[in-house]
Every structure is written in structure tokens, then in C-alpha cells.
Amino acid sequence: VTMFCYGKKENWYLSRVPSGMLPALELDGKIITESDVILETLEEEFGPLHRGMNDSSVYKCRKLERVLFRAWCMWLCSPSSVHASVDQRCAMMFEDVVRKVEEKIGETSGPFLLEKFSTADIVLAPYIERMNASLFYYKGYRLRDPKERPRISSWFDAMEAHATYRGTQSDIHTHVHDLPPQMGGCYSNSSAKAIKNQKKVDCGPWDKQLPDVGYGQDLTTARIDAAHRVIKHKKSILSVNPYGDKVTDVALRSALTAMLTGKNCSENIPVKKDADRALRYIRDRVNVPRDMSVHAARELRTALEKTASGIGAGKGPVIPVKHRRDQDPKL
């Protein structure tokens, strides 16, 4: 279902949920649109995951998650955080809560918030994943740091052991460029670390130095996955590219060939004018997990950038921050 910042909601969804609110659950003909109530309803119908939403131990974790969320928003989304003194104060407040999360995980012998993987972890997952991405990019802060925050890092590793989590997991590039319109703005502190991280996330190399994923994947499999997804949606990819399908088609074929064979095909592109821009337009709009997996996206972005670099230094249109309708799935 399309979020508002991407485009208009689908009619089939609005017919069921006139408000357009997300998320929503339809169960036995009843529509529920509040996240906590959705989880409680699923627990009533199918049973809780270890401990339920209203269990006292889970409730404490949920309260801690809300405190962490507020500290994150204050640091990331406050325009005044561009000033060094405010940024440092917000960073200290966030770090204070992070230490409490570390302590909470440390109360058990396992890697999760409670004795086993539970609802508490599910509630935490979507927000802490976005915290990890956004603070790395905008503040130069590495939340998933095995040395500084070993328990949180182990928590991420344990979550990634679940195929269901990996299937929903996004990457840093997707998060940092989708969050500004959702959050009302994300503000960089322009530190040396932040600037370095922004360059790496936007221009590569997309490798193990990025803290968004801790597990590996066979590169051949990742490249085939990326190629399959591009070929499946080739018509749409070409139709929305602002540099035209004639320029984009051959350039994209060259990038995919390079990704799958290792051969540099950029010199064989007959029309080079704007081909570098066309490829970087696609590079900047690969969405994880909507389009493909984290590792497939890394391989595709690498191939697109390598091919574009063999053509020129031209950049595509700047990624918008007020909306992401350049990502409208209906296009």
C-alpha cells in the first residue's frame, strides 16, 4: 500500500480504509488501524509471541522504546540540532537512553530484550533500524557498534537470524532518503564523520563498512536477484527515467552485463550523453526491500555507479526531501 509521501493510496485500500491510515488489519470483516491494537488483536486470535503486549515485562520494554524514540526524534528532527551545542546535548540525551537499552538486554543471558524473542523485540525493530540508519548518515553516529554497544549489536545479529525479519529489513540508503518527508525533516550536524558517511551511503562503496546488515550472501545469487528484478520491471524503470528510454535502455543493459560478467561495457554505449545521469537516477532510487534484498541492491548500485563512472561525472536529479513521489510504485 502506497504511503502518502510516495503517492496516492490505491482505490482498493481506500474502499476498505477510507481514512487511508497505515498500518491496517482486516480480520473477520473488522478493520483495525492502530498499531498496538493490531498486535493485541493478533495475539488474541493466534496467541502471543512468548509474552503478550500487556505483560508487565513487555510493557516496560515498550515504555523504554518510546523514550528512545523521543530522544531520537529530538536529535534527528530538530532544526536547532544543526548548532553544535544543541547537537551535542541531544546526542548525550540519546546516548543516555541507549545505555538503558544496553542494560535491559544485559538482564538476560540471551541477545533479546526478554528471555526469548518476543513481542518486545518486534515493537522495537522498525524504529531502531531507522535510528541506526539515520544517525549514521545525518549525525555520523554508529548505533550498531560491536565495541561501543555490544548488546545492541548482538540484538541486531539475532534479529537477522530470523528469515521473517530479513524479509522486511531495509538498508541505510532507503531509510535516510525516505525518512525526511515522513518525519518532517532530518537535519545533519555536518560533522566530518557525517559528511564521510553521507558520501559512502550515496556514492559507495556499498560494502561491509555500512552498519545496516551483518549477514553475508553469495554475491552471484545477489547479482542474479538484482538482474531478475530489473528485467521484470524494465518497462517501468525506463518509462520514468527523465533522460529517456533510448539513452537509459542501452546504459542499463551495459550495467547489468557488467554486474553479471565482470566486463566493463561502458565504452560500448553508443549514446553517452546523459547516460551517466540516467544510471545514477536509477542508482539513487533502488528501494529495499520493496525492489530487492539488501545485498542485491548493493550489487546493483555498484554496477550502476561503476558503469556511470566510465561515462562521466554527471549526476541525476536531487532526491526530493518534501516527498518521495519519484518513488511512486504505480509509476
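**Exercise 1. Determine how helix 5 and helix 9 are oriented to each other in this predicted model.**

*Solution.* Step 1: helix 5 covers residues 119–139 and helix 9 covers residues 192–203; helices (H or I, at least four residues) and strands (E, at least two) are DSSP runs numbered from the N terminus.

Step 2: the two helices pack at an angle of about 120 degrees, and their axes are 6 Å apart. Axes are lines fitted to C-alpha atoms, for helices over the stretch in contact, and angles run from 0 to 180 degrees between N-to-C directions.

Step 3: angles under 35 degrees count as roughly parallel, over 145 as roughly antiparallel, 65 to 115 as roughly perpendicular and the rest as oblique. Helix 5 and helix 9 are therefore oblique to each other.

Step 4: in contact (heavy atoms within 4.5 Å), F136, Y137, Y138 and K139 of helix 5 meet A194, N197, Q198, V201 and D202 of helix 9. Five residues of this contact are nonpolar, two polar and two charged; Ala, Val, Leu, Ile, Met, Phe, Trp, Tyr, Cys and Pro count as nonpolar, Asp, Glu, Lys and Arg as charged, and the others, Gly among them, as polar.

As to conventions, residues are numbered from 1 along each chain as its sequence is written. In this predicted model, local features need pLDDT of at least 70 and side-chain atom pairs count only at pLDDT 80 or more, while totals for chains, interfaces and linings use all residues; side-chain values use heavy atoms, with hydrogens and water left out.

**Exercise 2. Describe the linings of the two cavities of 30 Å³ or more found in the whole structure.**

*Solution.* Step 1: on a 1 Å grid over the protein atoms alone, a cavity is a set of points where a 1.4 Å probe fits but cannot get out, and lining residues have an atom within 4 Å of a point. Grid points are joined across faces, edges and corners, and a volume is the space filled by probe spheres set on the points.

Step 2: the largest cavity, with a volume of about 50 Å³, is lined by C61, L64, E65, V101, L113, A120 and L124. Helix 3 (56–77) and helix 5 each supply at least two lining residues, and helix 3 gives the most, with three. Six residues of this lining are nonpolar, none polar and one charged.

Step 3: the second largest cavity holds about 30 Å³ of space. Its lining includes H173, D284 and R324, and divides into one nonpolar, four polar and four charged residues.

Definitions and conventions. 1 Å grid on protein atoms, 1.4 Å probe; cavity = no way out; pocket = protein on both sides within 12 Å on 5 of 7 lines; lining within 4 Å.
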